[in-house]
Amino acid sequence: TLGSYFAGTRAMCATSGGGYDLMTETVSLAGILEQPFVCVVVQRPGPATGLPTWTGQGDLNLAIHAGHGEYAKIVLACSDVQSAFELTQHAHNLAEKYRVPVILLSEKNVAESLVTAKSFDSDIKIERNLVDPKKEKVVSEDYFRVDGDKISKRWLPCSSNEAYYSANGDEHDGMGRLTEESEIAGPMYAKRVEKLKKIRSEIFAPTVYGGKTANISLVGWGSSKNVMKDVIKKAAEKDITVNYLHFDCVWPLRTEELEEFLQANKNIYLIEGNMNGQLGQLIEAELGKKIFAERLLKWDGRSFSLDEVLEYVIANA
């Protein structure tokens, strides 16, 4: 996958948590090369083989943190077949725009469901973000340039007769030449990490389902969206208003819209298919404060049912 992207062809690989564990050195390599890379991780309850035929949301921390060293990375999470179709396209565009690895999380109940869906029509444009050296002048140092925009120019190997670079997994200078000089290594390292600031400001925001305010609010990601859409409707029949804040991009987190949601709603709960409430931990760490009144968590390999979530909502509204 990494080699195909280097040569100019969009490519992606797909695995489960155990398979991803074996590939994280490649993810780190993509990080230092500032090379686009896309990998789908279909979650199942673990560790080890775990419950291989059941579902879960236990690999969020794995997707965000796996890989040695520090570098910018994007983690998306699909929730149904429509979002899987759309987020796959966004994953490639984002990987090429910011020159970072993008991990697309799925879940077994999404990846192996049989669903009747409308025709997948998309207005998402393919954005390669490649420089054509025949139309725009580039110099070799542009490929890993530190100064100016944190996102350096990228062109395909052999597309220029004048500008060239080395795709070097060791620390390097602006054209990829190996170096261990601190005055070069430090800024290069910082540049790769600081891409996150730009990504965070431009990544798509979380979505609110239900009204702007509600008797009870829940926050989640992945397939939790599907049961929450039904809960919102069923609770309304009992005169209970419910809203739900859903994250398609789980790293880096967009906190502006999250803060607005928290200010508008006071009775806020977490819903996640893992035991530790990984997104909840991430949110509270990012904001530096306690957010959730309680956490509705499930880790036995089964999806949340409408009845159990509705019962929980009624009890806490």
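A cavity here is a set of points, on a 1 Å grid over the protein atoms alone, where a 1.4 Å probe fits but cannot get out; lining residues have an atom within 4 Å of a point. Grid points are joined across faces, edges and corners, and a volume is the space filled by probe spheres set on the points. The model is a predicted one, so local features need pLDDT of at least 70 and side-chain atom pairs count only at pLDDT 80 or more, while totals for chains, interfaces and linings use all residues. Residues are numbered from 1 along each chain as its sequence is written, and side-chain values use heavy atoms, with hydrogens and water left out.

By that rule, one cavity of 30 Å³ or more turns up. The largest cavity holds about 30 Å³ of space. Its lining is made up of Gly31, Glu34, Tyr71, Ala72, Arg99, Val100, Pro101, Arg192 and Lys195. That lining splits into four nonpolar, one polar and four charged residues, where Ala, Val, Leu, Ile, Met, Phe, Trp, Tyr, Cys and Pro count as nonpolar, Asp, Glu, Lys and Arg as charged, and the others, Gly among them, as polar.

Next, the packing. A nonpolar core is a set of buried Ala, Val, Leu, Ile, Met, Phe, Trp, Tyr and Cys residues joined through side-chain atoms within 4.5 Å, with buried meaning under 20% relative accessible area (1.4 Å probe, protein chains only). The largest such core has 59 residues, and Ile74, Leu76, Phe247 and Ile283 touch the most other members. A second, separate core of 18 residues takes in Ile240, Leu296, Leu310 and Val313. Back in the largest core, Phe247 has contacts (heavy atoms within 4.5 Å) beyond four places in sequence that include Ala77, Pro206, Trp221, Leu258 and Ile283.

As for the cysteines, there are zero disulfides, a disulfide being a pair of cysteine sulfur atoms within 2.5 Å. Cys13 is in none, with the nearest cysteine sulfur, that of Cys39, 3.6 Å away. Cys13 counts as buried at 19% relative accessibility. Cys249 is buried too, at 5%, and its sulfur sits 13 Å from the closest cysteine sulfur, in Cys78, too far for a bond.

Finally, Lys298 lies in the loop between strand S10 (294-297) and helix H11 (306-316); helices (H or I, at least four residues) and strands (E, at least two) are DSSP runs, numbered from the N terminus. Lys298 is buried, at 16% relative accessible area.

Technical notes:
Buried means under 20% relative accessible area, exposed over 50%, partly exposed in between (1.4 Å probe, protein chains only). On a 1 Å grid over the protein atoms alone, a cavity is a set of points where a 1.4 Å probe fits but cannot get out, and a pocket is an open set with protein on both sides within 12 Å along at least five of seven lines; lining residues have an atom within 4 Å of a point.
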